[in-house]
Amino acid sequence: MTGPLPDPFADQPDWAPQPPRPLAIVPATERVELRGRRVLVGLPGLGWRGDLRADDRVVQSARTYVPVIPEHEWYRAEADQVEVFAPLVPVERVWVETVGSRPGVDGTRDTGIRLVSLDGPAHRTPTPVFEADAVTGRRVVHVEGGLEHRDLRAVTETYSGAEGDICVRVTPEVEWYRWAWRGQSPTTLEVPVHLLWIE
């Protein structure tokens, strides 16, 4: 035999799940719904801060502001129906995470150094969990049957599951944060790594 070995999956393009749609970062000045959305704040050329959630825009003295809340406080406010302090950030300093469209199917991913513009925040494309060096605490997307399950956090590193699969345990974000503010252990789900992506 002189040629390369045949690919056993060549005629089965759906043998592995497609990656989730990547996040797109858009300015909050655009007409996008803000309440409960993940946002980043910052200044071009300076830097960006994430793990924040927004509330609806507020207009004061002809200026538009966005109430911005640390994500753990937002979840506590929603779960326990309590009020939390939300500083008002000028709308032009706020960017919103939205689910983007699926990229072309050329099968390539960025690797190595990637240069970005400092004019606005950038976001990485989803990374398969099996390529990550650490996953505990990271935001993950569970892709199964073409459905994307978002707002999840990994609560373990990779391990060998009962069925012999390499797995990670995940929990809904509200339970991840409740674990911090109440000490209440989260309910978790064991997911094979080939179905998980770091967001």
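1. Gln81 counts as exposed, since its relative accessibility is 65%. This residue sits in the loop between α1 (71-80) and β6 (88-90). Gln81 is not a glycine, yet its phi is positive, at about 50 degrees. The model is a predicted one, and this applies to every point below.

2. Asp151 belongs to strand β10. With a relative accessible area of 34%, Asp151 is partly exposed, whereas Gln81 is exposed.

3. The largest nonpolar core has 14 residues. Leu34, Val39, Val66, Val68, Val94 and Val96 have the most contacts inside this core. Four strands each supply at least two of its residues: β2 (38-43), β3 (47-54), β5 (63-70) and β7 (94-99). In soluble globular proteins, nonpolar side chains tend to be buried together.

4. What does Val94 touch, leaving aside its neighbours within four places in sequence? The contacts of Val94 are Pro27, Ala28, Val39, Leu40, Val41, Val66, Val68 and Val89. Val39, Val66 and Val68 are listed, like Val94, among the residues with the most contacts inside the largest core.

5. Another core, of 12 residues, lies apart from the largest one. Its members include Val140, Leu152, Val168 and Leu195.

6. In helix α2 (173-182), the buried residues are Glu173, Glu175, Trp176, Tyr177 and Arg178. The list therefore holds charged residues, Glu173, Glu175 and Arg178, as well as Trp176 and Tyr177, which count as nonpolar. The buried residues of α2 pack against strands β2, β3, β9 (139-144), β10 (147-154) and β12 (166-172), and against helix α1. After α2 comes Gly183, with a positive phi near 75 degrees.

7. Thr187 is placed in the loop between α2 and β13 (189-192). Thr187 and Arg169 are 18 residues apart along the chain, and their C-alpha atoms are separated by 9.5 Å.

8. The second largest pocket holds about 360 Å³ of space. It is lined by 21 residues, and Leu40, Glu97, His123, Arg124 and Arg139 are the closest to its centre. By class, the lining has 8 nonpolar, 5 polar and 8 charged residues. Strand β3 gives the most to this lining, with 4 residues. Leu40, one of the residues closest to the pocket centre, is also in contact with Val94.

Definitions and conventions
Residues are numbered from 1 along each chain as its sequence is written. This is a predicted model: local features need pLDDT of at least 70, side-chain atom pairs count only at pLDDT 80 or more; totals for chains, interfaces and linings use all residues. Side-chain values use heavy atoms; hydrogens and water are left out. A nonpolar core is a set of buried Ala, Val, Leu, Ile, Met, Phe, Trp, Tyr and Cys residues joined through side-chain atoms within 4.5 Å. Buried means under 20% relative accessible area, exposed over 50%, partly exposed in between (1.4 Å probe, protein chains only). Contact means heavy atoms within 4.5 Å. On a 1 Å grid over the protein atoms alone, a cavity is a set of points where a 1.4 Å probe fits but cannot get out, and a pocket is an open set with protein on both sides within 12 Å along at least five of seven lines; lining residues have an atom within 4 Å of a point. Grid points are joined across faces, edges and corners, and a volume is the space filled by probe spheres set on the points.
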